[in-house]
Amino acid sequence: MFFRETDAISGKMAKAYATINGRVEELFYAKSLEATIEKNKVDVPVLGKTNTPQRSAGWSGSGTLTIYYVTSTFRQLMRKYIQTGEDFWFDLMVVNEQPGSSTGKQTTILKGCNLNSVVAASFDATSDDMLEEEMPFTFSDYDLQDEFNQITGG
């Protein structure tokens, strides 16, 4: 058995969507996204052991969405929060699928996303690079709508 190169998933083929106030927006201007689930661990000291065992006691979700600096949507939401104190949440859906791969597709839903920060204004006259912004966020729920197929090798 071996892994076939045609089954590798290219990140460039991903699609991402944000559902904000009931409106679905394709994030065609996104460059990258990474979302991580981290277990919260607590110490459980045990008499007679020299180590300190741990056990899981919940989890937290956080990530970073990097986009080209071409939309005001998130700045508008942050501005509303600043003016009214009304926070905002949204869902992110990420679809990973590689044409020609036997792995199929995986659709991940990050629910209850909440931005930590947004860029208020930006320019860089010293670079030929396109403007982009990183938006760190947290999320409160997670689901897999579609899962990759089991790879059996060839």
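Below are my entries, in the order I looked things up.

**Entry 1: aromatic pairs.** I am working from a predicted model. I began with the rings, and the count came to 4 aromatic pairs. I looked at W59 and F139: their ring centres are 6.1 Å apart and the planes sit at 50°, so I put the pair down as tilted. An angle over 60 degrees would have made a pair edge-to-face, and one under 30 degrees stacked. Then I checked where the two rings come from. W59 is in strand β4 (residues 54–68) and F139 in strand β7 (residues 132–139), so to speak distant parts of the chain, 80 residues apart, linked by this pair.

**Entry 2: buried or exposed?** I looked up the accessibility of both partners. W59 has 37% relative accessibility and counts as partly exposed. F139 is at 6%, which means buried, as the cut-off is under 20%.

**Entry 3: a further ring.** F139 also pairs with F137, and I noted that pair as tilted too, with 6.4 Å centre to centre and 45° between the planes. F137 is buried, like F139. Put together, W59, F137 and F139 make one aromatic cluster.

Entry 4: Which residues make a nonpolar surface patch with W59? I found I37 and Y142; with W59 they make a patch of about 280 Å². I37 belongs to strand β3 (residues 30–43). Its relative accessible area is 42%, so I37 is partly exposed.

**Entry 5: the core.** Next I went inside. The largest nonpolar core holds 19 residues, and L27, F74, F90, L92, C113, L115 and F137 have the most contacts inside it. I listed the elements that each supply at least two residues of this core: β1 (15–20), β4, α1 (73–84), β5 (90–97), β6 (105–115) and β7.

**Entry 6: around L115.** What does L115 touch, leaving aside neighbours within four places in sequence? I wrote down F74, M78, F88, F90, M135, P136 and F137.

**Entry 7: R75.** I finished with an arginine in helix α1, R75. R75 has a relative accessible area of 17%, so I marked this residue as buried. Leaving aside neighbours within four places in sequence, R75 is in contact with Y69, V118, V119, A120 and E133.

Note on methods
Residues numbered from 1 in each chain as written. Predicted model: local features only at pLDDT ≥ 70, side-chain atom pairs only at ≥ 80, totals over all residues. Heavy atoms only, no water. Phe/Tyr/Trp six-rings, centres within 6.5 Å; stacked < 30°, edge-to-face > 60°. Helix = DSSP H or I, 4+ residues; strand = E, 2+ residues; numbered from the N terminus. Buried < 20%, exposed > 50% of the residue type's maximum accessible area, 1.4 Å probe, protein only. Patch = residues over 30% accessible without salt bridge, like charges linked within 9 Å, V, L, I, M, F, W, Y side chains within 5 Å. Areas by Shrake-Rupley, 256 points an atom, 1.4 Å probe, with all protein chains shown as cover. Salt bridge = Lys/Arg side-chain N within 4 Å of Asp/Glu carboxyl O. Core = buried A, V, L, I, M, F, W, Y, C linked by side-chain atoms within 4.5 Å. Contact = heavy atoms within 4.5 Å.
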